[in-house]
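Reader: I'm new to this one and would like to learn how to read it. Could you walk me through it?

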Amino acid sequence: MLFDADNKGLPFNPFKALVAPRPIGWLTTISDAGVVNLAPYSYFQAVADNPDIVMFSAAPQLEITENGMNFLDSGKDSQTNAASGGEFVCNMVSMDLVNAMNESSAHHPADISEPEFIGIEMTESTYVKPPRVKEAPAAIECVVVDTYTVQHRGGNHRYTMTFGEVVGIHIKDEFIKDSRVDTAAMQLVTRMGYDEYAVLEKAFSLSRPDNDPLLSGFVKS
Ligand SMILES: Cc1cc2nc3c(=O)[nH]c(=O)nc-3n(C[C@H](O)[C@H](O)[C@H](O)COP(=O)(O)O)c2cc1C
């Protein structure tokens, strides 16, 4: 079947179910007033390495009223805080943290600190001010290096991408095996479409036919 802007052949847009699974960046930021903010973003990805760069993409702030939802002119808290503070932390979400991650996505005003509200323990980061989730299997400390407003051909709102250069990575010791990260052991939660998620728990290895960066020793990672 074909689904496009005119052919509403399905009750829900299949886009997010197909560009899947998407990693979840569970982002910590700090507001100008010093409030620690925590929220999940699945428009989140590694976009470059050496130096390592990640990106998250945020819709405008939502207003939820009795009559429904409206997009406002302002950005969501994670984006606003990352822009003003210049730093964010991407906490990775393991299966045991999935409910806390989901709870932290509720739309709270900027003066509510999600970690306090949902009762999740934070710990200091090393190179940036926003703290990290203590029980996260890994946390990536980032300094904002760029932003980009995503253009389109028409619609009612625009997403803003925030790019962060990685300045530090914390990994729980139990997930380091033979000097490599055992990603599958972390049971990372990923996002699909609708209300669906998937857990990453099985890995397989494949060597490149030529110029394999690992075998050639060209890269350290
Ligand atoms: C798994 C998951 C992924 C999400 N990904 C995004 C995203 O990529 N971009 C976005 O704008 N909102 C996303 N949301 C919604 C935000 O988490 C939600 O609007 C949240 O309240 C934003 O918080 P903030 O204003 O504190 O940044 C996601 C929600 C969930 C549960």
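Reader: Does Leu-72 count as buried or exposed, and why?

Author: The general idea is to count neighbours: a residue is buried if 20 or more other C-beta atoms lie within 10 Å of its own, exposed if 12 or fewer, and partly exposed in between, with C-beta atoms placed from the backbone. Leu-72 has 11 C-beta neighbours inside 10 Å, so it counts as exposed. Bear in mind that this is a predicted model, where local features need pLDDT of at least 70, side-chain atom pairs count only at pLDDT 80 or more, and totals for chains, interfaces and linings use all residues. Residue numbers start from 1 along each chain as its sequence is written.

Reader: Where does Leu-72 sit, and what is it in contact with?

Author: Leu-72 belongs to strand β7 (residues 68–75). Strands (E, at least two residues) are DSSP runs, numbered from the N terminus. Contact means that two C-beta atoms, placed from the backbone, lie within 7 Å. Setting aside neighbours within four places in sequence, Leu-72 touches Pro-60, Gln-61 and Glu-63 by that rule.

Reader: And strand β8: why is it largely enclosed?

Author: Five of the five residues of β8 (residues 87–91) are buried, so the rest of the structure largely encloses it. Glu-87, Val-89 and Asn-91 are buried on one side, Phe-88 and Cys-90 on the other.

Reader: Which strand pairs with β8 over five bridges?

Author: Two strands pair if DSSP finds at least two bridges between them. Here β11 (residues 138–149) pairs with β8 over five bridges, in the antiparallel sense, and Val-89 stands opposite Glu-141 of β11. Strand β2 (residues 25–30) also runs antiparallel to β8, joined by three bridges; Trp-26 has Asn-91 as its bridge partner in β8.

Notes
Helices (H or I, at least four residues) and strands (E, at least two) are DSSP runs, numbered from the N terminus.
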